[in-house]
Structures are given as structure tokens and as C-alpha cells.
Amino acid sequence: MKSAYYLLPFRFGRIGQQELLVNELGDFCFVPNGTVSEIVNHTLNTNGDIYKNLVTNYFISPTPIPPLADNIAVRLRTKKSFLETFTALHIFVLTIRCNQNCIYCQASSKESSDCNYDMKKQDLLAAIDLMFRSPSPDITMEFQGGEPSLAIDLFRLALETTSEANKSFGKHINYVLCTNSIHLTDNVLQLCKQYNVSISTSLDGPEFLHNYNRGKEDSYSKVIYGIEKARKYLGVDQVSALMTASEKSLNYPYEIINSYIKNGFYNIFLRPLNPYGLAKENKNWDMYFDNFVEFYKKTLHYILELNQNGIPFVEEFTAILLRKILTPFTTGFVDLQSPAGIINSVIVYNYDGYVYASDESRMLAEQGDYSFRLGKVSASYEKLFYSDKVQQWSQCWGTEFIAGCADCVFQSYCGADPVRNYSTQGDLYGFRPTSQICKRNKAIFTHIFELILNETEKVMPIFKQWALR
């Protein structure tokens, strides 16, 4: 006799000797192999603990409409709350001049003295007007390059203009300066202090590795000097660091973490290379991403050991994933959003006076491909953000309806990326079986769930702490 219950939407996969079930809300549970077959064939024991657990966590329902359907709706709306306020991250590429020579430069930077690659003042002012058209009450205004501190007059103009205009709009604005910290002059830091600008800098690890990646023998010493100077001006909490894992970096997971601790950082974001700019010259991306996943696993294991030994340290990418897995909240991380982060969460005002759908979109433009250019900053907000081009992109920017994503067990945690699909596979839709980013994300998700399943007592206290920060 078949059991009487109703299936709610969920996806499943296998982790070791268990089946992993994940529902629309991102709730998950492990069940013995064969349980999914029992569920769909209505042979599940309705008096058992598994049945009770599945009902409680919205995998199945004893009635056609779940008793707490309104609660499900509220939680799903919370997961997608980033859509309510639309674009919150506004990136201003003030210049693509730079004073470094990174071997993996993704921004196609130019010589530090060539001012032809600075944003025009009228374009900057028009971009600020567009930013204030966003309905989001919370705005992050991020200054990028090149090296944006080289264009200090534009930096000052942007801060002064935005601060004055916001007296009328009343938005909460976070200012972020993305810098290599080598040109943090007193004037730059005084502006940062005056307008409460936080510093996001680049530190790739120990001295030998950082200098190799940056193409300068003295880069590390200058960066550390700049970091310490910024901390004295602004406070330790106002300075964060980001690393990029070159092919050489993948050989030094422990040295990278130790260098961060040595320099007073207690968190790190393990960021892989992206196929733009000089980094695109990498000959074997499949091998690189396979090696990156192993690097990630080794580094995460080391970081967990540090935490277990009383040294607090956070891997930020993992923390983002854990927030998706363990909490009902959104993260704001644009690379793992559905609908995609492009336009919905991030927009880029480039030095050339054009608006782009994402940071990666303007990097493609430097290679002569303007597929994701929305138009001039002087165009109307409606023409830029609601164009036929944007509507075309929207047809393939949701994991809920993309083949290969819609039925993936990790769909609730992952995101769609038409720009990456286009740049690596030649079309917006993409093909998951050969997608490097899909393969990488699946491997990382699988590893995290393996840790949750097999080392619960060791890792869950740490994971919960990371997710709830």
C-alpha cells in the first residue's frame, strides 16, 4: 500500500554513502541511500523519523498545500531579497593606469603616466547621477582600476559630489577603494578618513610569491608599508586584503595563510584566476581549476586546524557558501546569485564613459568584445537597465530554469553567470558538462558537505560561527 503524502520541490545527489536532499529554501538533510526512491514511489514509512524530518523541513507534505505555506513563501522571499532593491554595488573604474605589472592582470592595465585612460569628469558626474537612480537604499560605491589612487582628483570629485548629492537622497553609502596600497599618499588617506572609505587591498602571500605575481621585486615591501600606513590613518578594521591564486600560488597554501596571519589579517578570500586580460593566456584552464580545487581543500583544512587550535581565521568564500547553506539569508555575493548578479546587483561605470553589466564585462571590452556594454553614461536609466539586450540576458540568468542547473542538488546555493558562459563557451546559456566554473563549484560544494557529514563535531561549530558573523 502506498503512503499518502505529497512531494514538495527538492533536488538530490549522493555524498559518500548518503543521499543529500536540498529543497527550494536551501534546507538540506542526509538520508540513507535508497530513500529518494522510497519518497517518489510513496513507500516511505510514515511512522519513521525520516518521514517526520522531511515533513518538518519542507521536503514532503501530508496535505496538498503545506500547513506552513506562508512560512515557506517568506523564507523564499528572504533568499531572493536582493531583487527587491535592485542594483546595490556600483563600481567606478576611474582609470586603468597602474603602477604594477601583475602576471595575471585581468583589467588590461596601462602605464601609470598615461592619463588618456582616465575617466572624464563629465562622465563621472553622469555615472553618479545614474547610481542615485537605483532604488536600493544601501549603496556600495567601489573605486577600481587599474590603480584608482593614481586618479586622486577624480577620486576626490566622486566623494565630494556623492556626499553632497546624498543630502537629498538620504541613502546609506559605503565607500570602498580597491587599491594595491603602493600609492596611498597622505592626500589619498585623508580623503578616505574624511569620507569613511574602507580599503580593499591585494596581498598574494609571502614576499617571494607576491613579488613574483606582481612582476616587481619590491612590491611586497611597498604593499606592507601601505597597509600599515592605512591602518594607522583609518583603523585596522578599515583595511582588508584579497589574494589571487596564480598557477605558482597553488603550490603554497600554508605559506599564504601564515603570511596573512603574520601581517595581522585573520581572514582570506581564496580567489582563482578569471579568463580575462593577461590571465586568459593560461594554456590549460581545466588543469588549473583541478589544481585550484586541491589547493582550496588543503588551505581550508589548514584553516580549520588553526581554528581548532584556538587561532580564529576565516576563509571568506567558504563563509559565503555556509551562509547560503546554514541560514535563510542572502549574501550579496554577486557571483553566486540567481537571477544573476549582473545588473540585478552590480553595475560598472567604466573609464571610457560606458556602462557595463559587470566587472568581467568591462574586462571583455578591453579585449575588443563589447557584448555586455549597455550604453553611454549619458543615456537614460531606463534605456540602460531595461533594454532589449538586458531582457535577452534575463532569459538565461536563472539557475532555476537553465539545463544542468535546474536539477542540480546545489542549485539553491549556486548562481548563473551569462558573462562567464559567453567568455569561456561562446554563448550566454552555456553548457554545464564542460563548464569549468560549474565543475569547480560542484567540487567545492561537495567537499563542504563531506565535511559536514563526516566531521560534524569538529567543523560545525566553526562553520556556524563563520555563517552567522
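User: Hi! Which residue in β4 is the bridge partner of L21?
Analyst: In this predicted model, L21 has C29 as its bridge partner in β4.

User: Nice. And what stands opposite L20 in β4?
Analyst: That would be F30.

User: How many bridges join β3 to β4?
Analyst: Five, with β3 (residues 18-23) and β4 running antiparallel. The two strands form a hairpin with four residues between them, and G26 in the turn has a positive phi of about 90°.

User: What about β2 and β3, how many bridges join them?
Analyst: Six, and this pair runs antiparallel. Here the hairpin has two residues between the strands, with G16 in the turn at a positive phi of about 60°.

User: So what order do the strands take in the sheet?
Analyst: The order is β2-β3-β4, an open sheet of three strands. β2 (10-15) and β4 (28-32) are the edge strands, each pairing on one side only. From one strand to the next, the twist averages 30°.

User: Why is β3 largely enclosed?
Analyst: Because five of its six residues are buried by the rest of the structure.

User: Which helix lies across β2, β3 and β4?
Analyst: Helix α17, residues 436-454, running at about 65° to β4.

User: Switching topic: how much space lies in the second largest pocket?
Analyst: About 290 Å³. The pocket is lined by 19 residues, and the closest to its centre are K79, K80, S338, E400 and S412.

User: And what is the lining like by class?
Analyst: The second largest pocket has six nonpolar, eight polar and five charged residues in its lining.

Definitions and conventions: Residues numbered from 1 in each chain as written. Predicted model: local features only at pLDDT ≥ 70, side-chain atom pairs only at ≥ 80, totals over all residues. Heavy atoms only, no water. 1 Å grid on protein atoms, 1.4 Å probe; cavity = no way out; pocket = protein on both sides within 12 Å on 5 of 7 lines; lining within 4 Å. Points joined across faces, edges and corners; volume = space filled by probe spheres on them. Nonpolar A, V, L, I, M, F, W, Y, C, P; charged D, E, K, R; others polar. Pairing = 2+ DSSP bridges. Axes fitted to C-alpha atoms, helices over the stretch in contact; angles between N-to-C directions. Contact = heavy atoms within 4.5 Å. Buried < 20%, exposed > 50% of the residue type's maximum accessible area, 1.4 Å probe, protein only.
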